[in-house]
Each structure stands twice: as C-alpha cells, then as structure tokens.
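Reader: I have a structure open and would like to go through it with you. Could we begin with the strands and then turn to the metal sites?
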Amino acid sequence: MDATIAVPDKYQSHCGRLCGVIILLCAFASVSRGDPPIDPLPAPLFSFNANSPASQGGIVDPDGILRLDFPHPHMMHHGNMFGLGRVGDELDAMSTNNTLFPSTASFALLFSVDESTVGAVTPDPILAAFGVPYNALDQAVRGQAAGDQFISTTLFSLVSGGAIEPARTANNVLVRNNFDEGGIDFSANPPTSADDIVQNEPQDRVDATVAESELNRVYFSASAASPSLDHLPGSEFPSGAHIFRHSFGPGGRMMMLFASFSELGLQQADDIDAMVVFDVDGDGEFNGSDRVLLSLTADSPSLTTIPDASATGAAADVFVAVPNQPPALFAAASLLGLGDPQDNIDALEFLECDDAVACVLSHGIRSANAIPALSEWGIITMTLLLFVAGTIIVSAQQKERAPANPNTG
Ligand SMILES: [Ca+2]
Ligand SMILES: [Ca+2]
Ligand SMILES: [Ca+2]
Ligand SMILES: [Ca+2]
C-alpha cells in the first residue's frame, strides 16, 4: 500500500514556492539569541585587566595567564612564574613565537577592544543576512564588547606589510563572545549572550590573547605602570613598550628582553597593549626577518609621530615593527571597522585564512535573526525579504483563484 500523502495538483507548484518562502522566514525568526559558530575557533589563553570585576573580586590576577573554565577562568600561570607578580603588575600583551610562519601566508586579524570602544561601522548587511550579525559597534551598543574577540573582514600578509587587495569590506565580526555562546567564550562578565542588551554592567576586559592551549615560552609586554619593570631586563630604561620572552618547562626557566622599546622604534613612554610576535628564526632576539604587529595605548606619544597613524582612534591602529626600521602602519583602525576617538584595540591574534568571507561565516557567532542592532541595511534587507515573500504569496493565491473566475477582468 502506498503510504505517501497525495498533494492535490493545484497545490504542488504553489507549495513549492510558498513553502520555500515560509521555511526561509521561519529560519530567520526561529532563534532569538546568539548561536555558536559553524566552526568555533579553539579557546586561546588570555588575561583580564586590573579593573575587571574578576580581578577586583580576587578571582583572577591581572598579571596572570588564564585558561577558559566555568564559571570562572582558571589561573594557568601566576605572574610570579614569568617575572611579574607584584601588586600593580599588569600583563597587557602576549604572543607565542610563530616561528616559520610563512611571510606570504594570508591571515585575518583577531582582536579585542576595551570598554570605552564604540566602533565606527554597523555590521555588514550581507554578512548579517548570512547569519553573522554581530560586530564591535553592535556589542558596544549592547554593553558587552570588552570581553569579546572579533575577526577582521580584511586579509593581511607580512610580505605585503598590510592588507591584501582588494578588501571587500572594512569591518569586523564577533567570533568569541564574553560569556557562554556554545562553550568557546572567555567566562567574562557580564554573563550575557551576544544578543542581550545591558547598560553599565561591569565588564571583564580581555587585554591579552594567544592561540595556544599550553605554553613552553611566552612573549609578553607589561603595562607601563607595572612595578616589576624596575627589575626585569631593560630596567635601566623601564618601559611598557619592552617585549620580554620567558621560557617555561623542564629545560629551565629563562627570562630575557626580546626587544626594547628603542629596538622597536618606539619611545620609552609608549605602552604596547596588544601584539603578535613573529620570531621567524626562533632565536629569541628581534633580528633578521622578524616582525612584531602591535597596538599602543591611547596616551602613547608615538601615535602622533608614526607616519600614517590614524588622526582619530589611533589606539585601534595596528603597526608593524621591523628590525632596524621605524615602525609603520599595518592596519588602520578604519580598515578594521574602528576609528572612533574612543576606540582601542588591546589584544591581538591572527588566523591563517585564504578567503575572508568563508572564514568570517565559518567562525562568526551566529544568529538566525540576522538583523544587527542599529543597522538600517539589516532592516532594509528584512523588509525586502518580507516584500518578496508577500508578492509571491499574493501571486500564488491569485493564480489559484483564476480558473474559478474565468470572466473576471
Ligand atoms: Ca559580547
Ligand atoms: Ca605594555
Ligand atoms: Ca629572531
Ligand atoms: Ca591599543
């Protein structure tokens, strides 16, 4: 016996179109919060800043290296394990060596921002329509951007000294939310989904990240106010723009100065607050083909002297330091969807990537709603979808009625 349900002929073509439209609209409306990415990036190691609620509450140390845990991050390395550990010390940038990373390989930048950041552009409407509707401006509006990580929609390479042309769009997309969004977050306050809106809630600020689950060496910078700068290597001219290298493990611990502020072409009063080190030959010295991508704090004097640094929001610029050369602009804040005078990048990482759109869609926090906050384009997109859906439905209904009223018109 045939168990299939017989659909009357007059409904078959009608349903084919109509059902498609209904399924599409239901897909847009079925979820009211952020969803995990299709392919979540592995959880990095990270640090919170001193003003974070978790630091103020004594749950973590601002000079410690943290690992994702629940309900709070786990202190993987206390500051005294790698030359910090004094009251007032702050780990504000870290990296691994990235030795042998090909200079020709293309990559997207991953970055975090502080709680003052407001962002410069609304979410990209096309990316939002494809299900990744959150960016830095959106999360800042929702009061929960400081514990997030974003990916650039532009690709870069070391050999090009900046962006690879052509950049389709100068924007960013949320890849890791502050709090639970499928288990790949930072366990950072406030405990919100990417879709939640909160006002004036204290935020844990992610101020250093490194894409590793274990470390046998760490390159790091301390904040300019860190007391331990007075006894670390380079202490004759202590600086928040020094980069140190510390080895962990059974081979013995070793602390050294990887690059002083002057070797990086910076000033003693500068403060590196985000960086990626490419110690290409892995010798622990800043030489040869080595590169450092870095961002500075807003009060760093070099923001007014580095050529092409942004006129506003230069604390969200990414610069490149090359041995024996002055620092240069690598990624202008505006290329990353930032650049408001209050914007500041304070953690930096990268993701090897050949196709920016594919990487963003694969790793971005999703929402089936796909309408970003404050995006006129998002509203226009949904309005057009509803208009097209309504037209198809009305058209189908008229065709259905037509045979029963042959004399109409
Ligand atoms: Ca967030
Ligand atoms: Ca620093
Ligand atoms: Ca080197
Ligand atoms: Ca910065």
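Reader: How many bridges join strand β11 to β12?
Author: In this predicted model, five bridges join β11 (residues 243–247) to β12, and the two strands run antiparallel. Within β12, A259 is the bridge partner of I243.

Reader: Which strands form the open sheet, and in what order?
Author: The order is β4-β10-β11-β12, four strands with antiparallel pairing. β4 (91–95) and β12 (254–259) stand at the edges with a single partner strand each, so one side of each has no neighbour in the sheet.

Reader: By what angle are neighbouring strands turned against each other on average?
Author: By 30°, with direction ignored.

Reader: Now the metals. What are the protein donors of the calcium ion (ligand 2)?
Author: They are D92 (OD), D92 (OD), S221 (OG), A222 (O), G240 (O), D271 (OD) and I272 (O), at 2.3 to 2.9 Å from the ion. D92 in strand β4 and I272 in strand β13 (residues 272–278) link parts of the chain 180 residues apart.

Reader: Is D92 buried or exposed?
Author: D92 is buried, as its relative accessible area is 5%. I272 also counts as buried, at 0%.

Reader: And which residues coordinate the calcium ion (ligand 4)?
Author: D273 (OD), D273 (OD), S295 (OG), L296 (O), A315 (O), N344 (OD1) and I345 (O) do so, at 2.3 to 2.7 Å. L296 lies in strand β14 (residues 291–296) and I345 in strand β17 (residues 345–352), so this pair ties together parts 49 residues apart in sequence.

Reader: Are L296 and I345 buried or exposed?
Author: Both L296 and I345 are buried.

Methods. Residues numbered from 1 in each chain as written. Chains lettered and ligands numbered in written order. Predicted model: local features only at pLDDT ≥ 70, side-chain atom pairs only at ≥ 80, totals over all residues. Heavy atoms only, no water. Donors = N, O, S within 2.8 Å, 3.2 Å for Na, K, Ca; no water. Buried < 20%, exposed > 50% of the residue type's maximum accessible area, 1.4 Å probe, protein only. Pairing = 2+ DSSP bridges. Axes fitted to C-alpha atoms, helices over the stretch in contact; angles between N-to-C directions.
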